[in-house]
Structure formats: structure tokens, C-alpha cells
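Dear colleague,

I am passing on the structure below, together with a summary of what was found in it. Please read the notes with the model open beside you.

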Number of protein chains: 2
Amino acid sequence: MSSSNTPQAEQSTTHYPLSGVTVIDLSHIYNGPYATFLMALAGANVIKVEPHGGEHLRHRAALGGGAALPFAMLNGNKQAVTMNLKDPRGKELLLDMVKKADVFVENFAPGATDRLGLGPGDLRKVNPRIIYASSSGYGRSGPYRDFPAMDLTVQAMSGAMSVTGYPDGPPTKCGPALADFFAGIHLYGGIMTALYDREKTGVGRMVEVSMQEAVYASLASNLGMYLGLGKKSPQRTGNRHGGMAEAPYNVYQTSDGWIAIICPSDRHWAGLIEAMEAPQLKTDPRFANLKLRVQNIDAIDAIVGGWTLQHKRENIVALLQQHRVPHAPVRDMQEVISDPHMHARGTLQDIHHPEYGDITVQHSPMHYEGVSRMPLRPSSKVGADGREVFVNWLGVSADEYQALVKRGVL
Amino acid sequence: MSSSNTPQAEQSTTHYPLSGVTVIDLSHIYNGPYATFLMALAGANVIKVEPHGGEHLRHRAALGGGAALPFAMLNGNKQAVTMNLKDPRGKELLLDMVKKADVFVENFAPGATDRLGLGPGDLRKVNPRIIYASSSGYGRSGPYRDFPAMDLTVQAMSGAMSVTGYPDGPPTKCGPALADFFAGIHLYGGIMTALYDREKTGVGRMVEVSMQEAVYASLASNLGMYLGLGKKSPQRTGNRHGGMAEAPYNVYQTSDGWIAIICPSDRHWAGLIEAMEAPQLKTDPRFANLKLRVQNIDAIDAIVGGWTLQHKRENIVALLQQHRVPHAPVRDMQEVISDPHMHARGTLQDIHHPEYGDITVQHSPMHYEGVSRMPLRPSSKVGADGREVFVNWLGVSADEYQALVKRGVL
């Protein structure tokens, strides 16, 4: 982002919004770690506490295949320590850390930290300013509290699957892990709200988020369509408009990929006709206005899809840009990870990771004017920052630290 | 949430985290309005500024069909005013509002507010403490800055579509408007971070978010699979596991709906065998361990799907609960909107809306201990709070207010 000549722009090199905030992070997989990763990028000191051997996602990463990148994506810029919280001294040290911290984050099943003696009430006793942040599948109260929650089951329960896919096909999961990440970013919002509140009141609060509730708002169109049209409403419309109110509105196959094309108005349809060099369509009574185009949607999709199939995706993109027709190529993971735009904005960066090699990782989607981008640090190896955290920061003696490592407590 | 005997719990009835925060909200449709709705529920005073006739989503709502509910869902608890910002006095009054406000939110195409003389620099001149929050399809910088952005095109560009659907079918849009809502909730997080920062520094900052970048992290599994397996990785796996590493893992048809079933381990598979009353499977060499089950995934899906088809969904749910097999019914919009769990938690509430009748609206997915839930107020009619805002809050004389309304400025 270009900076301007303002006092805040000049502070840029050293100022981060969350400088001085310490986070004790017991979270794992995607949900909590995304929230704490964003905090780390905003300047917080995030101490990731894992069991010996590391959290689940590290295990998956060690198996090869696909999980190394997600771990590296979400755990850079954090300090990594291991602790056995069932050991009395381990638990005692965790409470000592909480005394010096601002935020505690976990995404275990509800009740798990209470059973360890590390629930919200336990933490508040040692530090009334601590913000206890919890994310789970269904939340800490209510009849579904203990239901098993994985991204797929929450996609089913939340309704996201029932509105994805084709009218004559099965409900379909959304490829992105939307339940996990919607929860994670809501958790970030909740923590920031509690931090702001603490500036006014001096007390920390428990904040909690559930995957199910975090997905709900994203179904606004589908819920609205259901309420508006009732049982007549199409549950799933494939790639057509959810309300079946626009045409062309679909994803069309090209000779070498797919492209989304939308014509919300007559002007866009006229542009598409020019791009297709099909002037006879201008006067075709089936397509004279939006309502008629929707009525003749099968014919229109056949015409547009027949045209796209004869051309390369990039040529169609160029033509539609020229004729100002809303469109977008459907990009695969390789195209997304090498996206020149996100790289130009510094949101994607290529790094060398000591464990995982040359990879592309993300920076925060939140850009602040007058704050320079935090340099990205690769995720630490499991337990790698133990000495730094326990001896240098917490004040455990070097001798005790060694003994606790030996005993498997740290 | 159950409250506990703590000082903060006792403050509950009157304390909201964002009391005293004023938001000038020029945003429209889903993205920005979701962010400001969450602020309103946390106690902020949100003044929704619309053109005469109302923002886009109100237009859609007026057409009937499906958009009334989304408008009501996202705009409760806000004050609604209309302003013509191209009129010099209108613009002047907006700047007067900014002087008294903390946060300004917009999700126009990049550059639109600059052209009105209401860009970040213009606002900072009248109020250095203002937080200017902007959300757009691709952000305020970079080569795609001016690309058209609707949820479908961003789903295509961000990669979300390419990983949704079946291996032999087309890329498929995710039913939820995930690009809009991921951007909206990241914007909320960014605003809260800037508010917290302002407590320390005394200056407001511009914060910006893009739909494209806000979606990126949710593709972690898919990006990881691509990087791990390269061109061999399955782009789309339907409802099967994204990494093809678990079976059973699918959505199966029942006699009256669909159900998701997952068996990540031998224990879960054993439970499913008991639920299916199919003891012969215990010793079937094709299914002896997870690896073999994945190799014989077609056979396993045929067996499980054959069983589910003979039973009602609710009966299978009961059996799988009993045998502790992870599962979830695929719920439609009617089931989601009447979800007893979210109603029990107060996250869904039935209200009578003066314009739209008896509807179900949502409360914030962020729950704070010691803060009671803000009572939900129905969305205001277009311009309904003009007198309250301009005369009572801003101090415009009643006579001038009347004259400005007459002239179409307010």
C-alpha cells in the first residue's frame, strides 16, 4: 500500500498494533491457530504450547502429503514450546505464564480445559485481566455442545452443503475449510473486542465462538431465498444464480479450462454479444431482456458455452475485459499460490522454510496504513523456543529447565 | 452461557464492549454491513448512510423473493439515514459526522470515496482519530485493483470453485457467499485492531481488506495437497476426503435425506459395523485397516450407502450417536433457521419485523462472559432515523433539516 505524508506513516518501521500483547496459545489444526497467527502478524508475542511430539497438524505434516504447508502457513511468527499439562509442575508453569499474559486461546472440545484445572475460572483466579478465548464446533452451551465437530460435519449441520452442488445431484461439501476458518477469524474479532474492552474496564473476559454459528451469516442469500419462495426455492443451483434471477450467470468450459461469466444487465449482455461476434443475438426475441434471458437460460448457456469451448481461457478473459463483461477465470491451486496480485501486495510471500523447503506462505489479509508488514518468520520446530520462553521470559532457572525437559514436563 | 460469581458477570446488564464507539457506515450488500452489524451488537452506535431510495440490498428486498431476510439480518440495531454526498452541504455534513465519529466503513470499488472527496486523507484532515475501514474485491493496490468483484467471480479467482465439486464434473461454486462474508469478518477484526491500537497511539489508521485475500487461508488443505502431490493431487473429490486419506468419509443418501459419516479410525469403523448390524465386515480382509479401506473406497461407499438408503435419517443419527461414529445430518435451510441449539444460545431469535413480518434473525457469533446479549432491534426503514441523527446528535437545526430533506440532500 502506498504510504502518505502523515505522522502515522512515519512511525511505520517499528510500530505494530499488538506490540506488548502476549498470547498463550493451546490451539491446534486450523481454527484457533489462524486467529493467533493473525495476532502474531499484528505484533503480538504468541507462545504456541504443544504436547510432546507436537499438535495434530504437525503429525499430519510429518506424514508427508499435504499438511506441511498448512502447518507452515498458520504457525509462522510464533514461539513453539512443549508442555505436559497433566504434570503438576507443568500445570503450575502454565498458570505462571498466564499471569504474565494477556490472552489465552484454545479450541479443544468444551470442558477439556476445565478438566485440566485450566478453565476460564481457574485462569481468572491467577490473572483477572486474562482474556480466555475458546472456539469449538458448537460452543460451550446448548444441546449440541458435545457433538463431534470436524469441518465436514459442521458443513452438513450448518446447511452449507445443502446449498452447494447441482439440482439433480447430492448436497456437496465446499472445498475450502470454511467452518474452521470462519470460526478462527471470528475468534480473532472476539479477542480484539475483549482487548479493547479491557482497556476501558481493566478486566479480561471469556470470549467464545462456534464453527456452526460462524458459518450462519454466509448463508444469507440461501436463507432469504428459502424464506421468500419456501418449498419452491431451488435448494442447489450448481453454478447458476442462487435465485435463478440472472442469465448468463454460469461457469463455462473453454478449450483449456473454465471461466465464470455474469451479465447482470442489458449492457453486459450487449458486451458479450460483441465479444462473441454474434450480432444476430442482438435481435433474437428470446434474449430481449433479462427476464426473457432467464426464461431461456438453457438456450443461453448452450450458446455461451458453445462459444467458450472454441477459445482459450486467456483469450476470452482478454475479450471480456475489453467489452467490460464481468467474468473471472476459474483458477487452480497453482495459479492461486502464484497469484501476481497477492504477491505484489505482500500477502503471499515465497520463503525458505528450514523443515519444509521453498514454500509460499501468506501474510495477514488485514492491511494497516502507517504500519509496515511484519517480516515473516518460518514456523518453529516443535519445542524449539523452550529455553527462550521458560528461562529467559518466565524466569525458570536453567537447571530446573533442564531437569523438566529430562522428565518430559517441558 | 452460564454466568459465574465474578465482578464482571455482575456488570452484565448495562455493559457492552463498544459502548461509546460511533460508526459512520456507508457500506452495502453483505461485506461491510456484516462488520458493522457485529459492531452494533457489541454496543457501537452505527449510523447507516444510504443514498435516497436505499442501498442495493434494500432494492432487492423490495422486489420480493429472497433479499428481505438478508437485509433484515445484517442491518438491525443500526440507525438509518439518507444523504446525497454529491451535494456540497451533504458532503459537509458527512465530514461533520466524521468529526464526531470513531470509525468510517465503506465497501465501494477502490477510489470511489476519493472521487467524492471522502477518501482516507480527506477524513483524516477533519479527524486524525478516525479509523477508515475499506473492503473491496481485490484491495486498494496491486494489478487487480479494478477487477469486477462479485461473490461468484471472487470464488473463481480465489480458487474456491476449483476445489468444490466432483472429479469428473465442473468446478462448482460454494453455496454460501463465502467471499463476501470472509471479507466482512476480517474487516471487523481489522477495525477492532485499529481501535485497540488507537487507545495506545491516539491516532486512527486506514485498514483495508480484500475478498480475495480473506478467502485464501481457508484453502490451506487444498493448497497443501497441491504442494504435496503436485499435478497428481485430486483437484475435486466431491464429498470424499480432500486428501483421499479416509474411508468411510462421504455423504450418503438415506430414505428421506442425506447424512455425512466419517470413520477416521478403526474404532469408528467398528462402531459403524455395529450400527449397521453387519458383523461379517469385521473380518472382511478388504476393510482390515484404514489404508485398505481407502483402497477399497468404492466398495465401502456402496456398502454404507446401501445401508443408509434403507433407513430414515433420524434413525441413523440415533444409531450413530449410540455407537459414537462421527456423523451429521445434511440440513436444509428450514432446519438451519429453526435450529434448536442456536435458538437456545440466543444466536437465532424470532422477531416481528415491521416491514418484513415474522422472521428469524441472528445475533453475534461472538459471546462474551459478563456481557449480556444486546436486545435485537429490527432494521430501520430507509432514512427513518434522520431527525434523530442530524438534529439530535449532529446539531443541525430543525429548520435546516426540514429544508435539506425537501431539497433531497438528506
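Between the two chains, 127 residues of chain A are in contact with 127 residues of chain B, contact being counted where C-beta atoms, placed from the backbone, lie within 7 Å. The most is given to the side of chain A that touches chain B by helix α9 (residues 178-201) of chain A, with 14 residues; helices (H or I, at least four residues) and strands (E, at least two) are DSSP runs, numbered from the N terminus. That side of chain A divides into 72 nonpolar, 42 polar and 13 charged residues, where Ala, Val, Leu, Ile, Met, Phe, Trp, Tyr, Cys and Pro count as nonpolar, Asp, Glu, Lys and Arg as charged, and the others, Gly among them, as polar.

Please note that this is a predicted model, in which local features need pLDDT of at least 70 and side-chain atom pairs count only at pLDDT 80 or more, while totals for chains, interfaces and linings use all residues. Residues are numbered from 1 along each chain as its sequence is written, and chains are lettered from A and ligands numbered from 1 in the order in which they are written.

As for symmetry, chain A is superposed on chain B by a rotation of 180° with 0.0 Å of shift along its axis (RMSD 0.0 Å), using least squares on the C-alpha atoms of residues with pLDDT of at least 70 in both copies. The two copies are thus related as by a two-fold rotation axis, and the C-alpha of chain A nearest that axis belongs to A:Gly189, at 2.2 Å. The same surface serves both copies, since 100% of the contact residues of chain A recur in chain B.

Helix α11 (residues 220-229) of chain A is largely enclosed by the rest of the structure, because eight of its ten residues are buried, that is, have 20 or more other C-beta atoms within 10 Å of their own, C-beta atoms being placed from the backbone. Among these buried residues are A:Asn222, A:Met225 and A:Tyr226, and what covers the buried residues includes α4 (68-75), α16 (333-337) and β11 (357-362) of chain B. The helix is followed by A:Gly230, whose phi is positive, near 60°.

With kind regards

Key
A residue is buried if 20 or more other C-beta atoms lie within 10 Å of its own, exposed if 12 or fewer, and partly exposed in between; C-beta atoms are placed from the backbone.
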